[in-house]
Amino acid sequence: MRALSRAARRRPVVFHTPGHKRGQWVPAGWMARTGVPWAWDGGDAVRDPAHGDDLLEAASEAARLAARAWGSERSWLLWNGATAGVLAMVLASVPPGGRLLMPRWVHRSVIDALVLADAMPVFLPCRWLEGWGMTLPPTPQDVAAARAAGPDAVLVTSPTYEGVVADVPGIAAASRPSPLLVDEAHGAHLAFYPAPAPPTGVRCGAHLVVHGAHKTLPVLTQAALLHWTGPHGEPDADRVDRVLAWVQSTSPQPALLASLDAARLEMERHGPSRVARAVELARRARAAIEASGPYRCLAPTDLPASYVLDETRLTVDVTGLGLPGWEVAAALRRRHGVWPEMAGGSYVVFIVTGADDEASVGSLASALGALAREVAGGDGRRARCDGSTGRWGDAMPPAGPLVMRPRRAALGAARRVLWEQAVGHVSAATVTPYPPGTPLAIPGEMITDEVASFALRLVASGAQLRGSPGQGREAWVVDA
């Protein structure tokens, strides 16, 4: 941050990239409207011979301080998002032809990493939270039972989008001697949580942990962290360092790195109090939301004993309104100016952070109350949802057999066909419905009649079907 502050005060005559030359050439009116720190954007942004400033050296020092703040042996600042961290974790840990033990519910970057690594997935059993239609992370017992497959690494996502935290210590023990990789993109704040804090990968024996820092901390979008905890075995930190160079831009954005460094300092100074306040605000919001209408909020007691809830996530069951979650989310945005994080078929998710206060969570409860009154006013929409519509997770069909290596399927020739014509073909893409965020098909899997029928049902319901072209009505298949 100090180096960038000095850079903003300098007025050099530059003859290097980027083309805007410290904001001298900006579309008319754009600078005033956006507030973009143009002086921070460029090859000289953190380079000053008088002070010895250099961007990569400054980033290395900021990464060392981040490792201290989060308790890891070594950390890296990421400017290509948590996606870059996930790709690096898998590429560093799984050799070509290797196996990654993983749940089916993962970020799409994990599937992309399998393609890049030419690795094979070994899927853990899918677990669902009964009555909610949402996925749960695997248990240590799931991992132990699957160890016979001899994976090169084990990957879990914790916390989930809905804030469900896995038994990370137990999974770490069950994974050994394979390294445990934790996609903790939504959990950068957990290290500063009030006691009893949910388990985190860094503290509980994971080998590599990714944080999408912008998701819950005061960080610019696309800024993230990767942590290495230093246990014995592969991959070592130098290997991770080399792999990161493959998946990050060679032109790092100084403003992203500065936001990570500033957030680190903020969390060291005020993180515990800010996160504790967010937890307390979320608890009050749960009570206010449930009192405002026919709502049910996910609570710690709703989870099986092996899981912990990050209470800064508000997952609100909205089936009592008679509307699917995505319609509720759209109504909140359009009519009440409240923007959720995501929506499923039966619930809507809201994130409370250190930026919130009584007014913001009060507005959320008020908006949900107003929406309940509007629906009860009789516009006829209640009949459209029977209270179970949209709990797609409980009814998702089994995936088709994996008949081709993901890399070959994803990178070979492909063509678009209607879902009705896709049965019996091999998927060339990852197709993920939202809800519930679990892939229907990944590259290399055979598309069955059950999978194709379910995809069409989702599209007809209004759910998003990512990875499916033609507004969700088509599939990418291998052009054999």
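Accessible areas here come from the Shrake-Rupley method with a 1.4 Å probe. On that basis the protein chain of this predicted model exposes about 20300 Å², and carbon and sulfur atoms supply 54% of that area. The chain has 14 helices and 19 strands, and buried residues make up 56% of its 480 residues.

**Contacts along the chain**
- Of the contacts with a separation of 6 or more, 71% are between residues 24 or more positions apart.

**Nonpolar cores**
- The largest nonpolar core holds 46 residues, and Ile-289, Tyr-295, Phe-350 and Trp-419 have the most contacts inside it.
- Elements that give two or more residues to this core include helix 9 (254-292), strand 13 (313-317), helix 13 (419-422) and strand 19 (474-478).
- Helix 11 gives the most to this core, with eight residues.
- Leaving aside residues up to four places away in sequence, Tyr-295 touches Ile-289, Glu-290, Val-316, Asp-317, Val-318, Leu-321, Leu-368, Leu-371 and Ala-372.
- A second, separate core has 36 residues, among them Leu-78, Val-90, Leu-91 and Ala-237.
- In soluble globular proteins, nonpolar side chains tend to be buried together.

**Helix 10**
- Gly-325, Trp-326, Val-328, Ala-329, Ala-331 and Leu-332 are buried in helix 10.
- The buried residues of helix 10 pack against strand 14 (342-343), strand 15, helix 11 and helix 14.
- Gly-337 follows helix 10 and has a positive phi, near 65°.

Note on methods: Residues are numbered from 1 along each chain as its sequence is written. This is a predicted model: local features need pLDDT of at least 70, side-chain atom pairs count only at pLDDT 80 or more; totals for chains, interfaces and linings use all residues. Side-chain values use heavy atoms; hydrogens and water are left out. A nonpolar core is a set of buried Ala, Val, Leu, Ile, Met, Phe, Trp, Tyr and Cys residues joined through side-chain atoms within 4.5 Å. Buried means under 20% relative accessible area, exposed over 50%, partly exposed in between (1.4 Å probe, protein chains only). Helices (H or I, at least four residues) and strands (E, at least two) are DSSP runs, numbered from the N terminus. Contact means heavy atoms within 4.5 Å.
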